[in-house]
Amino acid sequence: MTKRSASTQNGGKVEASGHKVSQNGTLQDGDDRKVGLGKKVTLLRGISIIIGTIIGAGIFISPKGILKHSGSLGMSLIVWIACGVLSLFGALSYAELGTCIKKSGGHYTYILEAFGPQMAFVRLWADLIAIRPAALAVISLAFGQYILEPLFMPCSVPPMAVKLATAISITSVMYLNSMSVTWTARIQIFLTFSKLLAISIIIVPGMYQLFKGETKNFENAFDLSKVQLSGMPLAFYSGMYAYAGWFYLNFVIEEVDNPERNVPLAICISMAIVTCCYVLTNVAYYTVMSAEELLASEAVAVTFAEKLLGNFSIAVPVFVALSCYGSMNGGTFALSRTFYVASREGHLPEVLSMIHVHKHTPMAAVLILYPMTMLQLFVGDIYSLLNFMSFLRWLFIGVVVLGLIYLRYTKPDLPRPFKVPLFIPVVFCLTCFFMVFLSLYSDPVNTGIGFAISLTGIPAYYIFIHFNHRPKWLQRALDSFNRSLQIILLVVPAEQ
């Protein structure tokens, strides 16, 4: 065949990089290799994604919301166990959805399948403009604070130094997720083992103290004189928030090796490990601290380490920072797949569903969060935004599990390799909607504002998706931008 310098056999131009641009402007891999997301998430990597995103800084710094609202040490431990079981119910429900709807995207995909594109877009809109950038900025700020703390002891860390360290950490997470799925997963495994090591450093001395007979703080553990029924819902709310993150493996279902086996197994193993870690860590804290001391402490793990481990307490902020980095890495890895799938469904620009020709990562879908997160980090009121949006998490998770029940009746013949008893999704769905009601009751103003922000997704859906009759000049400009971004990022449509 005669070699052509300016065109290929199909009439497409050849770029200097050696990649082809077809007649419709699509960048293609020059050697015709298959470009897509491989099945690189094994059982161990799946477990590391779930554990690594559930366990953040909270268990080390401030695990006192449950104790404060439950009223007694014994009741607080019961709430920790109960929230672990309820979270397992939610995780098992998602395991059924993940094995019968083998598409990545998590909440967005399941709402799309059960209730259609409009409700799915509202969820996506709230995620994109507010929830995810704010949540990533908050956990990143915690990383910036604790990674610098040993350097500035005993002084406080300057706020601008925290923000600069935070910006560097966000940039590094985005770079890692853009460059390699394999290395992202390997580092997630390392960070997950670091978290479990940090928790073991608390649990083992605590259990040793317990077996030595240090049980004075457990006397009258179930004293009901301070227990108020009105506080129990808030205790459960705090507990469910601490366990949140069990759903992240469902965001990457298409990349899970043998999902019918590995998804339910990873979820069950992860939830058992996290529940045991949370309960035993709290028991360990109580061996050296009374309930009053725990409530008064600004950083519980540091106070614990100072009492039992001496100078080793200096290392605690480093472990907390690594824990935060694991949550950032796992969350970014999973959430980029939501934007990838939403683009594939036509709800976001096409370039977000394209894969880097060499790295085989959804580079554009990873990077979309970067400018929004940095903007909120330096400009926005992050914590107010999270207050507005916190109830939306449980509203949409409740809607997803309601969708599971709905699909049982509307699509009874859908293959379900893993199927849970009906009472499990029913109990969990009622729990989610109860927590939404609790948010409305306890903080109607912030909840109302958050609800209003999410409802802006309805007009956005009709403007950008439903009424897709743009002026020709605008469509040409968007197409040109899309092609330019493809060439700059070296991304191509994924082969299914």
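## A tryptophan and the nonpolar core

Apart from neighbours within four places in sequence, W394 is in contact with Y237, M240, Y241, A244, F428, C432, M435 and V436. This description rests on a predicted model. W394 also belongs to the largest nonpolar core, which contains 153 residues.

Within that core, the residues that touch the most other members are I55, F60, W246, L249, Y278, W394 and F428. In soluble globular proteins, nonpolar side chains tend to be buried together.

## The chain as a whole

The protein chain has 496 residues, and 56% of them count as buried. Its secondary structure includes 20 helices and five strands.

Among contacts in the protein chain with a separation of 6 or more, 81% are between residues 24 or more positions apart. The accessible surface of the protein chain is about 21600 Å², and carbon and sulfur atoms account for 66% of that surface.

Where does E96 lie, and is E96 buried or exposed? E96 is located in helix α4, which covers residues 73–100. With a relative accessible area of 1%, E96 falls under the 20% cut-off and is therefore buried. When residues up to four places away in sequence are not counted, E96 touches L404, R408, R416, F418, K419 and V420.

R337 is placed in helix α13, which covers residues 316–344. The relative accessible area of R337 is 0%, so R337 is buried as well. R337 and S104 are 233 residues apart along the chain, yet their C-alpha atoms are separated by 6.4 Å.

## The packing of helices α8 and α12

Two packed helices are described by the angle between their axes and the distance between the axes. For helix α8 (residues 181–212) and helix α12 (residues 300–308), the axes come within 11 Å and cross at roughly 50 degrees. Because of this angle, α8 is oblique to α12.

The crossing in which α8 passes α12 is left-handed. On the α8 side, the contact is made by I201, I202, P205, G206 and Q209. The α12 side contributes A301, F304 and L308.

Definitions and conventions. Residues are numbered from 1 along each chain as its sequence is written. This is a predicted model: local features need pLDDT of at least 70, side-chain atom pairs count only at pLDDT 80 or more; totals for chains, interfaces and linings use all residues. Side-chain values use heavy atoms; hydrogens and water are left out. Helices (H or I, at least four residues) and strands (E, at least two) are DSSP runs, numbered from the N terminus. Buried means under 20% relative accessible area, exposed over 50%, partly exposed in between (1.4 Å probe, protein chains only). Contact means heavy atoms within 4.5 Å. A nonpolar core is a set of buried Ala, Val, Leu, Ile, Met, Phe, Trp, Tyr and Cys residues joined through side-chain atoms within 4.5 Å. Accessible areas come from the Shrake-Rupley method with a 1.4 Å probe; for residues, only the protein chains shown count as cover. Axes are lines fitted to C-alpha atoms, for helices over the stretch in contact, and angles run from 0 to 180 degrees between N-to-C directions. Angles under 35 degrees count as roughly parallel, over 145 as roughly antiparallel, 65 to 115 as roughly perpendicular and the rest as oblique. A crossing is left-handed if the near helix is turned anticlockwise from the far one by less than a right angle, and right-handed if clockwise.
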